[in-house]
Structure formats: C-alpha cells, structure tokens
Amino acid sequence: MPPRNKVFDLPQEVREELNEKLVSSGFQGYEALAGWLSERGYNVSKSSVHRYGQDLQEEFEEAMGDVRKTTELARAMASDGEDESGHLIDATARIVQDQLLRISIAMRKAEEDPATAAKQLGSVTKALADIGRVSLSQKKWAKELRVEVAKEAAAKAETAGRAQGLSNEGVAALRAAILEGMS
C-alpha cells in the first residue's frame with residue numbers, strides 16, 4: 001500500500017483552502033500550489049498536490065454529473081405536470097442517500113481522528129433518518145390524497161347515478177367499485 005498523501009496531513013482549514021484553489025484554477029498549477037503551501041510552512045511536493053488534485057477533480061466531476069442528472073430529472077418530472085405520487089421526492093431521497101453513502105465511505109478513507117469520524121458519521125446517520133422520514137411522510141400524504149379523491153369521485157358518481165335513476169344496489173356497487181382498495 002502506498003504511503004498516505006502528505007496533503008491529508010495538512011490542517012483541515014489549509015486543505016479546504018487548497019481545495020478551493022484547485023477548483024477555481026480548473027485543477028491546474030500544481031507547482032504554484034506546492035509553492036503556496038511551502039510559503040505557509042508545509043513541505044508538500046508538486047507530485048503529492050497533483051495526485052491529490054486528480055482525485056479531487058474526479059470526485060468534483062462525478063458530483064457535478066450527479067447534480068446535472070438531478071436537475072434534468074427534476075425538469076422532466078416538472079414537465080410531466082404535478083408530481084402527485086411523489087416520484088421527485090423519492091428520486092431526490094435516493095440521490096441524497098447515495099451521496100451520504102459516498103460521504104461515509106470517503107470518511108473511512110480519509111483516516112481522520114476516530115472521534116471526529118464518529119461525530120461526522122452520526123451526522124450522516126441522522127441525515128439518512130431524516131430522508132427516510134420525509135419519504136415516508138410523503139407516501140402517507142399521497143395515499144391520503146388518493147383516498148380523499150376516490151371518496152369525492154364516489155360521492156359524485158352516487159349523485160349522478162341517483163339522478164339517472166340507478167337502483168340503490170347499482171349505486172352501492174358503483175360506490176364500492178370506486179372505493180375498492182382505498183382503505
């Protein structure tokens with residue numbers, strides 16, 4: 001196993017500033033970035049910064065691809081009209097769950113302080129639970145909405161059936177057919 005990249009030994013705030021510089025430079029200028037680190041008293045080679053930058057660029061491009069996919073999914077669902085069955089929320093929840101899983105895997109790879117990693121994992125776990133609650137609430141709401149719509153349809157059908165002279169048995173059968181499976 002190769003030795004750990006020295007960039008991971010940098011203080012968190014320095015690494016975050018390096019990340020910003022890498023993204024804003026379009027993942028170029030590794031020699032200048034190694035010089036910038038050296039000016040701050042950190043001895044990190046251009047090669048280490050380059051390897052770190054390549055990995056960060058891969059993650060960045062993958063994340064941006066996911067954002068583009070999510071945006072397109074949202075546009076497609078919005079163009080289909082109202083999202084009564086909550087497909088957009090379900091799709092979003094799946095994407096967020098996938099991202100949270102990636103975060104937890106990245107945390108294990110980062111080899112951070114165990115206490116810090118445990119705290120971050122707790123936050124990820126809470127976020128997953130929140131997503132689950134949102135999804136369940138949305139599904140419950142959608143079912144309640146379908147039941148309410150079916151009851152309104154059954155009442156209208158009953159009124160129309162009686163107005164057309166439908167027998168009580170016919171009205172009851174029509175109402176039962178509309179409400180079937182709604183409870």
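The structure, a predicted model, holds 5 salt bridges, a salt bridge being a side-chain nitrogen of Lys or Arg within 4 Å of a carboxyl oxygen of Asp or Glu. In this predicted model, local features need pLDDT of at least 70 and side-chain atom pairs count only at pLDDT 80 or more, whereas totals for chains, interfaces and linings use all residues. Residues are numbered from 1 along each chain as its sequence is written, and side-chain values use heavy atoms, with hydrogens and water left out.

One of the salt bridges joins aspartate 130 to arginine 133, with an N to O distance of 2.2 Å. Both residues belong to helix H5 (residues 114-163), where a spacing of 3 residues places them about one turn of the helix apart; helices are DSSP runs of H or I with at least four residues, strands are runs of E with at least two, and both are numbered from the N terminus. Aspartate 130 has a relative accessible area of 27% and is therefore partly exposed, the classes being buried under 20%, exposed over 50% and partly exposed in between, for a 1.4 Å probe and protein chains only. Arginine 133 is also partly exposed, at 48%.

Glutamate 158 is partly exposed, with 22% relative accessible area, and arginine 162 is partly exposed, with 42%. The pair is part of a salt-bridge network that links Glu158, Arg162 and Arg175.

Arginine 40 and glutamate 39 form another salt bridge, in which the closest N and O atoms are 3.7 Å apart. Arginine 40 counts as partly exposed at 40% relative accessibility, while glutamate 39 counts as exposed at 67%. Side chains of opposite charge can pair when their charged atoms come close.

The largest nonpolar core has 15 residues, of which Leu10, Leu18, Leu22, Leu37 and Val49 touch the most other members. Such a core is a set of buried Ala, Val, Leu, Ile, Met, Phe, Trp, Tyr and Cys residues joined through side-chain atoms within 4.5 Å. Two or more residues of this core come from each of helix H1 (12-24), helix H2 (30-39) and helix H3 (46-79). Helix H2 gives the most, with 5 residues. In soluble globular proteins, nonpolar side chains tend to be buried together.

Leucine 22 is in contact (heavy atoms within 4.5 Å) with Phe27, Tyr30, Leu33, Tyr52, Gly53 and Leu56, neighbours within four places in sequence being left aside. Serine 48, located in helix H3, is buried at 6% relative accessibility. With neighbours within four places in sequence again left aside, the contacts of serine 48 are Asn5 and Val7.

A search of the whole structure gives 2 aromatic pairs. Rings of Phe, Tyr and Trp (its six-membered ring) pair if their centres lie within 6.5 Å, and planes under 30 degrees apart count as stacked, over 60 as edge-to-face and the rest as tilted. Phenylalanine 8 and tyrosine 52 have ring centres 5.5 Å apart and planes at 80°, so this pair is edge-to-face. Because phenylalanine 8 lies in the segment before H1 and tyrosine 52 in helix H3, the pair ties together parts that are 44 residues apart in sequence. Phenylalanine 8 is partly exposed, at 30% relative accessible area, whereas tyrosine 52 is buried, at 7%.

The rings of phenylalanine 27 and phenylalanine 60 have their centres 5.7 Å apart and their planes at 55°, so the pair is tilted. Phenylalanine 27 is in the loop between H1 and H2 and phenylalanine 60 is in helix H3, so parts that are 33 residues apart in sequence are tied together by this pair. Phenylalanine 27 is buried, with a relative accessible area of 8%, and phenylalanine 60 is partly exposed, with 33%.

Phenylalanine 60 also belongs to a nonpolar surface patch of about 210 Å², made together with Val23 and Met64. Patches consist of residues with over 30% relative accessible area and no salt bridge, with like charges joined within 9 Å and nonpolar side chains (Val, Leu, Ile, Met, Phe, Trp, Tyr) within 5 Å. Accessible areas come from the Shrake-Rupley method with a 1.4 Å probe, and for residues only the protein chains shown count as cover.
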